[in-house]
Amino acid sequence: MSSLEHPDRFVDRHIGPRDEQLQEMAKFCGADSVNDLIDETIPAQIRLNNELSLTPAVNEQTFIQNLKKTAAKNKIYKSYIGMGYHPVLMPPVIQRNILENPGWYTQYTPYQAEIAQGRLEALLIYQTVISDLTAMEIANASLLDESTAAAEAMLMFYALRPKDKKNANVFFVSEECYPQTVDILKTRALPMGIELKIGDYKKSELADDTFGVLIQYPAGNGEIRDYSEFFADAEEKNIFKVVAADLLSLTLLKPPGEFGADAVVGSSQRFGVPMGFGGPHAAYFATREEYKRFIPGRIIGISVDAQGDEAYRMALQTREQHIKRERATSNICTAQALLAIIAGMYAVYHGPEQLKAIAQRIRTFTHILELAFLDFGFKQINENFFDTLLIEDTKERIKKIKQEAVKKEINFRYIGNNRVGISLNEITEEEDVIELIELFAGIAGKQFASGYLQSLLERIESEFSEFLPRTSSYLTHEVFNSYQSETEMLRFLKKLENRDLSLAHSMTPLGSCTMKLNATTELLGITWPEFSNIHPFAPANQTKGYKEIISELEEDLKEITGLAAVSLQPNSGAQGEFTGLMVIREYHHRKGEKDRNVVLIPSSAHGTNPASAVMAGMKVVVVKCDDHGNIDVDDLNEKAEKYKDELSALMVTYPSTHGVFEERIIEICDIIHGTGGQVYMDGANMNAQVGITSPAVIGADVCHLNLHKTFAIPHGGGGPGMGPICVAKHLAPYLPSHYFVKVGGDKAITAISSAPWGSADVLIISYAYIKLMGSMGLTLASKAAIVNANYILNKLQDHFKVLYTGLNERVAHELIFDMREFRQLAEVDVEDIAKRLIDYGFHAPTVSFPVPGTMMVEPTESESKEEIDRFCNALISIKEEIKEIEEGQQDRKDNLLKNAPHTLKVLTSDEWEHTYSRNRAAYPLPYTREKKFWPAVGRLDSAYGDRHLVCSCVSIDEFVEETVLDQ
C-alpha cells in the first residue's frame, strides 16, 4: 500500500551511511547487526528500557512552516533599551558570505594553522579593531559576553596582585555598571574569596585592601564621565583599572588606553551582530602587553612558515587549561569566533571614516532629542552623552510615557518608577526621531512645526561642544581602507574562505569535538528578524515565540538526559561545568556542609574540568586511570574515603575521554553518593548516549550538554557554543537566576551569563535538530556514531595501535590511535602525521589529547562510508610512507612527512632538492587529483611566533623588518 507521507526524511539526510551500509559496517566489525554491535559496546545495566518520549520527527518543509508560526508569536518593537544590546545593520555581503556560509560556520577552532589561515587572519583583524579602538597594546580573539569578560579581568588581576597587595581581596565596582555585569561579578567573586564593593566612584575611598576597580564608559545610565582623577588615585595605590566600554563610542570618545586603563572589556555586538535575544555576541578583552601571558582565551599572532613566509597561528594560551589544569587562572575553552569575524569584517566594510560617521549620526540624533525634550519641559539627567538620554519625571507621567510607547510598539528602559532611559542606535532614522519627539510632545501637551527638526539640528551645530573627544587615529592599516566597494569586499571574504578547510571540503575527525552536519534547515531561523531583532530584556509578552522554543527545548533535554530541570544560560561547555559545580556548591552550603570543597577528577579528564573546579573554589584531587584507560576504582574508593567529609563532587566524562563505556560507572557513582557527594557528568561525549542510555541512568546528578557538539550548533571556527546544564530534582532550586528576567530556581545562584538564556538565537538550531530527528532519529544517530568509530577501529587496527578499548574490544563514538612507536622507528612524531594528512585533504584528528603522542578520531554519524573509507585509506597510505622512512627508502629528515604540508608555492618552485617526487608530495592518492585542498602556507614555526608576539595587523614591511633583524 502506498504511503501518504513525503518520502524525504531528514534523518536520512543527517546520517551519512545508508541503512544497508550501517549493517555492512557492523558485520565488518564482527557483529551480526547494528543492534548487536551496540549490545556488545554498551553495558547492559545502563541501557534505556524505553524509547525517548519526544514529538514525532517532521520533515524539513513542515518544520519551516511550524517555525514561521512560532516566530510570528514574537513581536518586533523598536528597541531603545540599550544596556549593551542594540539593533544593528549587518551588511548583506557579510550575512550571505560569512554567517550563512558553511565554508565559514562549519570550521573548527584553528588548531591546524596551515589550513586555517583565512579565519586566523580574520580574527587578527578583529584583534586589531579592538586594540586600536581601545588604545590598548594587545587584545584576544574574543570571549563569551561582556559580563564574562569583566569577570575574567577581575580574576586575572586578582591572580596578578603585586607582593604588597597579596592580601588585598576587594574589587571596587561602579554602581553605574550594567546590572547584569554586577550579577556575574558576584557569581565569579564568591568562590574565589573576592569581596565586591559596589558604590559611587566619586565618593568611594580606595583602601589598601582593594586590588582592582571597574567602571562603565559611558556609564550604564549613558553619562560620559572623566575618570582620569579616579584612575590616577588608583594608579598611585597600585590598583588595577578595568573599563567596560561601548566599542562604537570609542570612535568619538577618548579611549580608555589614553586615561590609564589596565584592561578594557566590552561587547562588539554593535559591529553588525544582531541582538538575537541575548546572543551569541563576541565580547572583547584588551590589555597591556606586560599581561600577555595571563590573558584568558585565545590570541592570534603572526609567525612564519617553513619557507619563512608570514603566517598566522594561535599564540600563547592556545589551550591554557590543558597545560595548567588545576593551576589554571581561567577555564575559558572557546570564544565567539564567528561573531568576532563578523564584527571585524564590519569594520573592514565600513572603514574608520564611515564608522565614525555612524557614531556621529547616532550622537547627533540623541542631541536633537535632548533639545526637543528640554523644549517640552522634561528633565534630562545626563550632562554629557553619546547615545543615551535619561529622563526623570513623576511616576504618573512615566507611566503615561510607557503606555504611549507600547501603543507605538516602542521599548524604552524603565528605571524605578520615575526614570526612563532612551538609547539610540545605528538603525535609528529621521522618521524614528520625529516619532519620539511626537510621543513626548503629546505627553507634554506641546506641538511643533514642520521645520522643527531642522531648527534643532542648527542649534546643535552652534551650541554643541564635545566632551572628552578622541584625537588619536585608529584603523589606519590598509585592510580597513581597501574594501569599501562590495565587489572588493566580496573577493576579500572569498579569498579568506578559500584558505580554510571546513566540513564543506571533507570530514573533520576531531575526537571530543563531534564535527557533525550543521544542516541548512536547522540554521534558517537564526537570521529571521522575528528571532534576531529581539532584545534580551524585552517584555515577556513580546517574546512568546522564543519562550515556546525554550520551553520545548528544555522539556526535550530533560527527557534525553532523564534529569528534572534545565538551565540554558551557560554559553559554552566550560561555563556549563562551572555552573554545575556552583549549583552543587550551593546545594552543600544550604545543607550546612560548607566544608565540602573537594572535587575528584580522573587523570584523563578534559583540562577544563579541573580549571572549572578551581574557578568554583574547589580543591582538585586527581584519580588515577588503570592500564585500560578506565577510572581506577580502587584509587577512587581510597580517595572518596579519605575525603568523605569534604567531598563535593566527582567530575566524570561518559563515555570516557578515552573513548570507552566504562562498565563500572554505576558503581563509581554509588561510591560518591555514599559519601554524600554529587556526580557531575561532563556531556562532551553525549553523542554516544542519546536514546541508548542517559546521565540519570548512570547516576549523574548534573551534566552539561555541548549543544555545539551533540545538538548540531556549528563550531564557527571556535564559537559560538552553548553549554546548558541539566540537574536532578534536588538540585533544581539552585539553577542560576538573572537580574532582569525570572529564571532559575527559588534558591538560585546569581547569573552565569549576561543574558537570561545565554546565546538564545542559536538555541533554535538545537531545537530544530531534535524536532527534525525525533526519538528514533536521535537514537539512530548515536548508534551510527558508534558504528562508524568501530568501523574505523577495524579498518585501521592492523596499521595503528588502538590505545584503549572497552567491553568486547569495542569503542564508543571515538577512539585513540597511539603514534608514539613511530618516533623510535622512523623519527616521525604525531605532528608529522597530522601535517601530512593535510596533503591528503583532511583535517587531522585531535593531536596529543588526552594522551601525548596520540590521535583521537571521532567520525560522527554524519560522515558517509565512502568518506570514512577515504580517510582510512589516507592514514594507511601515510603508514606506508612511514615504513619507507623506517626501511631507509626515505631520508629521516627530508621526507614526505617532515616537510608536510606541501604548498603550491613549494611544488611549483624552480628548485626541488627533496629525495621524493613533487607528484608524491602533491597527489599521494588518486582522488587528490580531482579533490585537492591546497594549504595556504607551509608548516608553522610556533616557537618563532611566541618569541616575536605580534597580535594585530602590521604592514608587510614592518613584519619583514622584524624578521630580518631577528636573523
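Cysteine 703 is buried in this predicted model, with a relative accessible area of 0%. Buried denotes under 20% relative accessible area, exposed over 50%, and partly exposed in between, with a 1.4 Å probe and protein chains only. The closest cysteine sulfur to that of cysteine 703 belongs to cysteine 726, at 4.6 Å, too far for a bond. A disulfide is taken as a pair of cysteine sulfur atoms within 2.5 Å. The structure holds zero disulfides. Cysteine 513 is also buried, at 6% relative accessible area.

The model is predicted: local features need pLDDT of at least 70, side-chain atom pairs count only at pLDDT 80 or more, and totals for chains, interfaces and linings use all residues. Residues are numbered from 1 along each chain as its sequence is written, and side-chain values use heavy atoms, with hydrogens and water left out.

Asparagine 706 lies in the loop between β21 (702-705) and β22 (725-727). Helices (H or I, at least four residues) and strands (E, at least two) are DSSP runs, numbered from the N terminus. Asparagine 706 counts as buried, at 4% relative accessibility. Its side chain makes a polar contact of 3.0 Å with the side chain of histidine 704. Such a contact is a pair of N or O atoms within 3.5 Å; within protein, one must be able to donate a hydrogen and the other to accept it, and residues adjacent in sequence count only if both atoms are side-chain atoms. Neighbours within four places in sequence aside, asparagine 706 is in contact (heavy atoms within 4.5 Å) with Gly573, Gly683, Ala684, Phe711 and Met722.

Helix α4 covers residues 60-71. Its twelve residues should span 16 Å at 1.5 Å a residue, and its end C-alpha atoms are 16 Å apart, which agrees. The expected span is 1.5 Å times one less than the number of residues. Phe63, Ile64, Leu67, Thr70 and Ala71 are the buried residues of α4. They cover an arc of only 120° around the axis, which puts them on the same side of α4. The arc is that of the directions from the helix axis to the C-beta atoms. Exposed Lys68 and Lys69 sit on the face of α4 turned away from its buried side. The cover over the buried residues includes α17 (520-523), α18 (529-532), α19 (544-561) and α25 (763-796). At the start of α4, a side-chain oxygen of asparagine 59 comes within 3.3 Å of the backbone nitrogen of glutamine 61.

Strand β6 (residues 240-245) has six of its six residues buried, so it is largely enclosed by the rest of the structure. Phe240, Val242 and Ala244 point one way from β6, and Lys241, Val243 and Ala245 the other way. β6 pairs with strand β5 (residues 210-217) in the parallel sense over six bridges. Two strands pair if DSSP finds at least two bridges between them. Valine 242 in β6 is the bridge partner of leucine 214.

An open sheet of four strands has the order β23-β24-β26-β25, with antiparallel pairing. β23 (801-802) and β25 (846-847) stand at the edges with a single partner strand each, so one side of each is left without a neighbour in the sheet. Two bridges join β25 to β26 (residues 854-857). Threonine 846 stands opposite methionine 856 in β26.

Glutamate 886 lies in helix α28 (residues 865-886). At 39% relative accessibility, glutamate 886 counts as partly exposed. Residues up to four places away in sequence aside, glutamate 886 touches Leu825, Ala826 and Arg892.
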